[in-house]
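Here is a friendly note to read alongside the structure.

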Amino acid sequence: MEVLREKVEEEEEAEREEGAERLSRPEKMPKLLRKEATTLTPELLRDMEQKLSEIKVPIPGDPPTDDTIDIANLPPSYKVNTPREEQLLQVADNFSRQYSHLCPDRVPLLLYPLNECEVPKFVSTTIRPTLMPYPELYNWDTCAQFVSDFLTMMPLPDPLKPPTHLYSSTTVLKYQKGNCFDFSTLLCSMLIGSGYNAYCINGYASQDLCLMDLTREVCPLTVKAKEVVHAEEKAPPKKYAIKPPRDLTSRFEQDQEMKRQEEIKTAEEKRLREEEERLMEAEKAAPDPLHGLRVHCWVLVLSGKREVPESFFIDAFTARSYSTQDSHFLGIESLWNHKNYWVNMQDCWNGCKDLVFDLGDPVRWEYLLLGTDKPHLFTTDDEDDGINDDDDDVENLGKEDEEKSFDMPHSWVEQIEISPDVHSYKSMLPENDRVMEFYQSARVDGLIKREETPKTMTEHFQGRPDFLSYRHINFGPRVKKLPLNSAESNPRPIVKITERFCRNPAKPADEDVAERVFLIADERIQLCYHCRNDHITASKREFLRRTEVDSKGNKIIMTPDMCVSFEVEPMEHTKKLLYQYEAMIKLKSEEKLSRHQAWESELEVLEILKLREEEEEGHVLTISIYDTKRNEKSKEYREAMERVMHEEHLRQMETQLDYLAPFLAQLPPGEKLTRWQAVRLKDECLSDFKQRLIDKANLIQARFEKETQELQKKQQWYQENQVTLTPEDEDLYLSYCSQAMFRIRILEQRLNRHKELAPLKYLALEEKLYKDPRLVELLKVFA
């Protein structure tokens, strides 16, 4: 690589010398480059400026979006480049030309895309290392989860090319959306600020990773956490203790039961595994025609810093970590951090499985800047000895590198800040900060918005017949001796209610209330009326709300000092005391109504929160009726139909059972039955059936006697050891007696039922034999 770079530099020097020689001989220059003696008048200059302004040069880039970025308030570093940044762009351009010359088969590198102000910025300067002041964002997993949850994924305009624009992390956080490069740049800035050795990677990945497709991944909510079984500490045995009763359960039966349960569990696991494999095969994605060509950006975290034992990848879209040998990642073009830029010179025919991430190896990774922060290869002891033997060459080489080194400029991006208010969690408990919005057409009261805080509640109305548009309620501290936290049993005391009304054109402005304030704690009511069109002030009144009777039961008479008013035009009309009294009585009833409506609003908030909580807990997926594998109702109906058909088949098999087959098999094949043989077959069949009925009765009788004898023995044992039995032994005895009595009653009922049905079954079989088509002609005489 170094030899080829020197060759390119020689070719560039020859081209510059040839260009200088052409400039020294103007007679050989093309006509377009010769200076013409043309006088430019001001009119001609204005015409040229107008024509140039009308020319629109198409800039290749992302397709325009609906919402444009406001760049008016961005700092100057976003809009212009410093001299060091300009020098860095020249170095990057030279590096790009050398790379294109040496590697013509590879795609162009992503070095200096445009930012939101259409200014080219080097990708390393877009990374702004930032340590967030929140302990939750100190580890890589929480940082990645925050980026994944906070930003909205936007796919690349062209899946086969890197983006032409790379915005700053501050803009990405402001608009809360971006592509994979924006996600990875923000995540890399946070990880480097937290002390990780992180890098952004420009490479190629699978389709599901590029499109954030998780349909074939296992849902994390279905994965059960491993339960930690804590061993119970056994209490030390006491010196004097009652000896526990002897365990009489059969160990052989326990072992057999355990084996049976294990076989059932193994069979169920096998069935579930086969079902999962079948579903995975059915849901297997179709082959991607762009496999290996889809551009993607992700984050590499190298081992070493922050006690990272092994290098790994992070997909910023999903916040998942992957091994560097994972099959989702199909190749790497380049990677960078805030200090340098590296180009991958290794072959990616096998994806990223065989890549070595030793950035100090110039054979595998070609770096852009020769600085002191470049990683170095690890050397052996023999190599160290050779280096020490040639100290002069090392010193000269260090001086030469120092002269050629160029440090990366500081990031042009402002400090990344995340306000804890954009990210506050609102619980479902009542009396917290929340905003509820409603559809006006869906409510009778015209409520469109309700804002709630621990101490206040604000409601906005629209289109009400009483022209109410605003209600603000201030609450006081709840009574402590009532512990129930609900508006119905323990309402919050209302301190103040403020209501505002729209203009009612049917009333004069001096009589149309604009704002009404109920100061319940101070027992006052304040009114402010609408302002006339030709006035700058409005009329106001304040009533002292008193009870109708005093402490002695005497009726309080309305006095002038109970109403303080300010009239804009006092000479037009004077309000009498009776009018003020009637107005105060009406306001008291309206105050009562407003308090009741505030109480109803509290109840409605509780009901809405309860409903939302039930909806979140009881979410059910909607499954198509054609999805027979996941539709439970369809599956139950199908299983029921199969069970009915199986039972019908068994019934038909029983009806088609040939009860003469065992006796006909005793005769020579193909021989025609005689009357004597038919009679013998009938008698043998009836005799056999009778014997089977007798055997069944004897079997039930034997089981009945056995259960009775065992119960008697148990009762006798209880009578002998009743004094020394523990409560546990008595419980076991009572349980055994209950079960034994149950079995005895069942056997007794079965025996009685068998005795009743046996003669009927015998007669039914005899009738079938006389009607059997094989015997009916031969048994007519005996019928």
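1. Let us begin with E639, which is partly exposed because its relative accessible area is 38%; buried means under 20%, exposed over 50%, and partly exposed in between, with a 1.4 Å probe and protein chains only. The residue sits in helix 13, which spans residues 632-655. Helices here are DSSP runs of H or I with at least four residues, strands are runs of E with at least two, and both are numbered from the N terminus.

2. Before going further, please keep in mind that this is a predicted model, in which local features need pLDDT of at least 70, side-chain atom pairs count only at pLDDT 80 or more, and totals for chains, interfaces and linings use all residues. Residues are numbered from 1 along each chain as its sequence is written, and side-chain values use heavy atoms, with hydrogens and water left out.

3. Which residues gather around E639 in a patch of negative charge on the surface? They are E632, E636 and E642, together with E639 itself. Patch members have over 30% relative accessible area and no salt bridge; like charges are joined within 9 Å, and nonpolar side chains (Val, Leu, Ile, Met, Phe, Trp, Tyr) within 5 Å. Accessible areas come from the Shrake-Rupley method with a 1.4 Å probe, and for residues only the protein chains shown count as cover. Lys and Arg count as positive, Asp and Glu as negative, while His and the chain ends are not counted. Each charge is placed at NZ of Lys, CZ of Arg, CG of Asp or CD of Glu.

4. There is a positive surface patch too, formed by K696, R703, R750, R753 and K761. Helix 15 (675-720) and helix 16 (727-771) are the elements that give it two or more residues. Helix 16 supplies the largest share, 3 residues. K761 is found in helix 16, and this lysine is partly exposed at 39% relative accessible area.

5. E707 lies in helix 15 and R743 in helix 16, so the pair ties together parts that are 36 residues apart in sequence. E707 counts as buried at 15% relative accessibility, whereas R743 is partly exposed at 31%. A salt bridge means a side-chain nitrogen of Lys or Arg within 4 Å of a carboxyl oxygen of Asp or Glu, and the count by this rule is 33.

6. Do look at the salt-bridge network that links R443, D445, R450, E459, R471, E499, R516, E590 and E604. Within it, E459 pairs with R471, their closest N and O atoms being 3.1 Å apart. E459 lies in strand 12 (residues 456-461) and R471 in strand 13 (residues 468-475), so this bridge ties together parts 12 residues apart in sequence. Both E459 and R471 are buried. D445 forms a salt bridge with R443 at 3.0 Å between the closest N and O atoms, and D445 is partly exposed, with a relative accessible area of 26%.

7. How many disulfides are there? The count is 0, a disulfide being a pair of cysteine sulfur atoms within 2.5 Å. The sulfur of C200 has its closest cysteine sulfur in C188, but 4.0 Å is too far for a bond. For C297, the closest cysteine sulfur is in C200, at 5.0 Å, again too far. C200 is buried at 0% relative accessibility, and C297 is buried at 1%.
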